[in-house]
Amino acid sequence: MEVLLQQIETIKQEVAAFSANNADDAEAFRIKYLGTKGLVKHIMGEMKNVPNEKKKEFGLLLNEFKQFVESKYETLKELTVDNGQLTANIDFSLPGSPVPVGTRHPLSIVRNQIVSIFKRLGFAVAEGPEIEDDWHNFGAMNLPEDHPARDMQDTFYISKNPDWLLRTHTSSVQARVMENQKPPIRVICPGRVYRNETISARAHCFFHQVEGLYVDENVSFADLKQTLYFFVQEMFGKDTKVRFRPSYFPFTEPSAEMDISCLICGGSGCNVCKHTGWVEILGSGMVHPKVLENFSIDANKYTGFAFGMGVERICQLKYRVNDLRLYSQNDVRFLKQFTGAL
Ligand code: DAH
């Protein structure tokens, strides 16, 4: 036993002192200590001569010894990888090469901000498919057969009869939610939508919307106004003013568009607000009773409000992006300017 312990100690010292100048040295080390006829194997073989009561203690010692030799070999290998030459004389005080870190897309930053504000009011996030059928995109939302939005010029149809299309608005997600849930319903639906538009600085064939829907007993237009007012203050700051203008949407009655005071010029007039001091940011209204009834929701018992806003528009106002094409060109010089936390 004593002899064996002594042997292990000697080998350990030898191993610790071993240095390799190249890959051949490292290989010689492996053969001498870790090879099939190497010293580690040999010592392991001595285990059979160890008295039973000492086997456990000795086993631990041997394992530790083996690991010690193996880790030395790993170090030697690492130091001698390049053309078999020693590469250990690296100056570790040199600065490292920076790892490029990506940034979140501005539209994702803004979408996440919108979602987080409505979540605080108890809205849940709902999603739906981008490829839709005519019913969810148009019919259920009370868009009559002859509505111009159904025209091939606006809508990308994938097939006619059965009608498959790329959704033209996230209002289709309202339909999907009401199909599957009973009131109270309180959801926001962020997503991409498609329209057959010629691409320019002001129009694109796809863009992003966030839809909102709240259906319950006693939901009123005052709730709609207060909710959207809260949103604007959180999103754009306490000094931002809002105004509602009467409007028309087939799926809401009454309907209103909401403007905010122009953030670019502070209301004094510029080309973003077309010199009016106001910018439209969303459409909204009280959910049309026909829409509720399409989903067997009793319109005498329940009322609701809905709204839909364009993410690009909000982003334009927050970050002063003046060309819609920038969002999808993937130019890193544009993308890396946005370092929002969300
Ligand atoms: N779907 C409308 C659009 O794409 C936006 C909208 C307006 C959604 C009014 C609504 C709403 O839910 O109530 O232009």
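What you're looking at is a predicted model. The protein has 342 residues and splits into two parts, domain 1 (2-82) and domain 2 (106-338).

**Overall build**
- The centres of domain 1 and domain 2 sit 70 Å apart, going by C-alpha atoms.
- The radius of gyration comes out at 35 Å, whereas a compact globule of 342 residues would be near 20 Å.
- Along the principal axes, the C-alpha atoms take up a box of roughly 100 × 50 × 45 Å.
- Count up the secondary structure and you get eleven helices and ten strands.
- As for what's tucked away, 41% of the 342 residues count as buried.

**Around the ligand**
- The ligand has 15 residues around it, and the closest are His169, Ser171, Arg195, Gln209 and Glu211.
- By type, that shell holds four nonpolar, nine polar and two charged residues.

**Polar contacts and cover**
- Glu211 has a polar side-chain atom 2.6 Å from an oxygen atom of the ligand.
- Arg195 also places a polar side-chain atom by a ligand oxygen, at 2.9 Å.
- On its own the ligand has 360 Å² of accessible area, and the protein covers 88% of that.
- Two or more shell residues come from each of α7 (171-180), β6 (206-216), β9 (278-287) and β10 (303-310).

Terms used
Residues are numbered from 1 along each chain as its sequence is written. This is a predicted model: local features need pLDDT of at least 70, side-chain atom pairs count only at pLDDT 80 or more; totals for chains, interfaces and linings use all residues. Side-chain values use heavy atoms; hydrogens and water are left out. Domain bounds come from an automatic or database domain assignment. A residue is near a molecule or strand if one of its heavy atoms lies within 4 Å of it. A polar contact is a pair of N or O atoms within 3.5 Å; within protein, one must be able to donate a hydrogen and the other to accept it, and residues adjacent in sequence count only if both atoms are side-chain atoms. Accessible areas come from the Shrake-Rupley method with a 1.4 Å probe; for residues, only the protein chains shown count as cover. Helices (H or I, at least four residues) and strands (E, at least two) are DSSP runs, numbered from the N terminus. Ala, Val, Leu, Ile, Met, Phe, Trp, Tyr, Cys and Pro count as nonpolar, Asp, Glu, Lys and Arg as charged, and the others, Gly among them, as polar. The radius of gyration is taken over C-alpha atoms; the globule rule is 2.2 Å times the number of residues to the power 0.38. Buried means under 20% relative accessible area, exposed over 50%, partly exposed in between (1.4 Å probe, protein chains only).
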